[in-house]
Structure formats: structure tokens, C-alpha cells
Amino acid sequence: STYFDKLERNLDLDVAIVGGGPSGIVAAYYLAKAGLKVAQFDRKLSPGGGMWGGAMMFNQIVVQEEALHIIKDFDINYEQYDDKLYVMDSVESTAALLYKAVHAGATIFNCYSVEGMHVDPLNIMAKCVIDGTGHDSEMCCTVARKNGIRLATDTGAVIGERSLDVVAGEEEVVNGTKEIYPGLYVCGMAASAVSGTPRMGPIFGGMLLSGKKVADLIIERLKR
Ligand code: 48F
């Protein structure tokens, strides 16, 4: 009964986040902290996306100076590598994101796949939806395919992720973080995939900044 109460409380949301990767969890934290009703849905048993694996499965993450304030917000231990880069343990970092998001008031549902099934699905209402599904950008693909609409990209369609460019990828993922269709926002690798910007390298700062940016955009809109 406690579980069903929790589910019922989350059927009508301010923000529904699809995908529990680092960008989406960061968004969940800042949205919940701003007092919005937010739930996040991940299809896996363990939300956290690719962040558990760190850079190339060497289980540390690298973050640039510009994103260090987010690491501090989450109380993650870090080590300075040079004058611009910092290193953290990827397991501690992912666990901290999840823990802090839930403590701030976000609800995280694991084992939930957001998809178009042939059986009538569970419907969840939300004022805004965030596509944080990573490389597949599943929400954007589904909305575009089913409704014949134009997304806010150069072609109006999901363009698809470009080849790796470590430096450009970091900036472009933040630039591509936006309202892609009225009420539908995109962050993280999904933002790169939708807008056709380069794949990122082993640096995670852009991901974290993307999550913060999408939260700020939605807070500004819903609080207005
Ligand atoms: O890809 P992912 O880790 O999300 P992200 O926030 O971060 C990307 C980085 O981890 C990494 C990088 C690139 O160099 O920095 O790749 O963009 O995690 C996406 C999450 O979404 C879930 C999936 O299980 C994963 O945990 N997911 C994907 N599609 C669905 C979904 C779906 N349809 N329903 C529910 N969950």
C-alpha cells in the first residue's frame, strides 16, 4: 500500500524526467529543491546511466572548472588534476547524485520503461517532460514519429549524434539543452543526439551543466 500511495502521488507531476542518467538526475535535484513535484523514470534496475562506469570504464570521472560548483552542491569529494580539471570517484559521484536528488524531494522509479506498448500503458500527466534517455533520445524520436511535428532543430527532425569531439561536445551539449517541442525538454546525450552535435569524450561537466540548465529553464517557466 505504501508503494501504491507513492505511485498515486506521482501520477500528476510538474515535471516527469525520462531516463536516469547523470544529466536527468542533476535536473531532478534542482527541480525538487525549487519545490516542484518531480519524478524520474529509468528502465534499469540501477539508475545512474553511464556514470557508474566513469571515463572509459576507468571508474573515475573528470569535470572541468565550470562545472565544479555542481560537484560541490552534491558534496562529492574531488581531487584537483591540473588548473582546469578535477577528478572524482564515479561510484561515489553517481550514488551522491541519486541520494541527494531523493533527499531534495524527487521520486525516482526504477524498472519503468517509457515506451509505446501495444497494451494500454500507465499514463502519467506532467506540465513538462524531460527527455534524458541518452544516445537514443527515445522521447523525442517517439513524439516526432507519432505526431509528424517539427522539433526545434535545424532540420525539424532528430538529426542524430555526430562523431566524437571532446572539446566541442562539452559546449554543444549545453547549447542543445532546450525546449525542443512545447512542454518537451531535452538534456544530456539526448540533446546531442537530437540536435546533431558531436559525441562527448570522457569529461562529465557538460552533462552536469546540461542537467542544471534544463532545471533552470523549467523553474523559470513554472514559477512565472
Ligand atoms: O546515457 P545516460 O547515462 O544519460 P545522460 O545523462 O549521460 C550520458 C553519460 O552517461 C555518458 C557521457 C557521454 O560521453 O557522458 O554517456 O545523457 O543514461 C540514460 C538513462 O536513460 C534510461 C537508461 O536506462 C539510462 O539509465 N532510459 C533510456 N531510455 C529509456 C530509459 C526509456 N525509454 N524509459 C526509461 N528509461
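I counted two rings of Phe, Tyr or Trp (its six-membered ring) as a pair if their centres lie within 6.5 Å; planes under 30 degrees apart are stacked, over 60 edge-to-face, and the rest tilted. The model is predicted, so I noted the limits: local features need pLDDT of at least 70, side-chain atom pairs count only at pLDDT 80 or more, and totals for chains, interfaces and linings use all residues. Residues are numbered from 1 along each chain as its sequence is written, and side-chain values use heavy atoms, with hydrogens and water left out.

**Rings.** I got nine aromatic pairs by this rule. For tyrosine 29 and phenylalanine 74, the ring centres are 4.4 Å apart and the planes stand at 50 degrees, so I logged the pair as tilted. Tyrosine 29 is in helix α2 and phenylalanine 74 in the loop between α3 and β4, 45 residues apart. I took helices (H or I, at least four residues) and strands (E, at least two) as DSSP runs, numbered from the N terminus. Phenylalanine 74 also pairs with tyrosine 30, edge-to-face, at 6.2 Å between centres and 85 degrees between planes. Elsewhere, ring pairs join Tyr3, Phe4, Phe41, Phe109 and Tyr112 into a cluster.

**Burial.** I used under 20% relative accessible area for buried, over 50% for exposed and partly exposed in between (1.4 Å probe, protein chains only). Tyrosine 29 is buried at 6%, tyrosine 30 at 8% and phenylalanine 74 at 1%.

**Helix α2.** Why is α2 largely enclosed by the rest of the structure? Eleven of its twelve residues are buried. Its cover includes β1, β2 (38-41), α3, α4, β7 and α8, where I took contact as heavy atoms within 4.5 Å. Just after α2, glycine 35 has a positive phi of about 90 degrees.

**Cores.** I defined a nonpolar core as buried Ala, Val, Leu, Ile, Met, Phe, Trp, Tyr and Cys residues joined through side-chain atoms within 4.5 Å. The largest has 43 residues, and Leu31 and Ile130 have the most contacts inside it. Helix α2 gives the most to this core, with eight residues. A second, separate core of twelve residues includes Cys140, Ile149, Val186 and Ala191.

**Sheet.** I counted strands as paired if DSSP finds at least two bridges between them. Three strands make an open antiparallel sheet in the order β3-β5-β4. Its edge strands are β3 (60-64) and β4 (79-80), each pairing on one side only. In β5, valine 87 is the bridge partner of glutamate 79.
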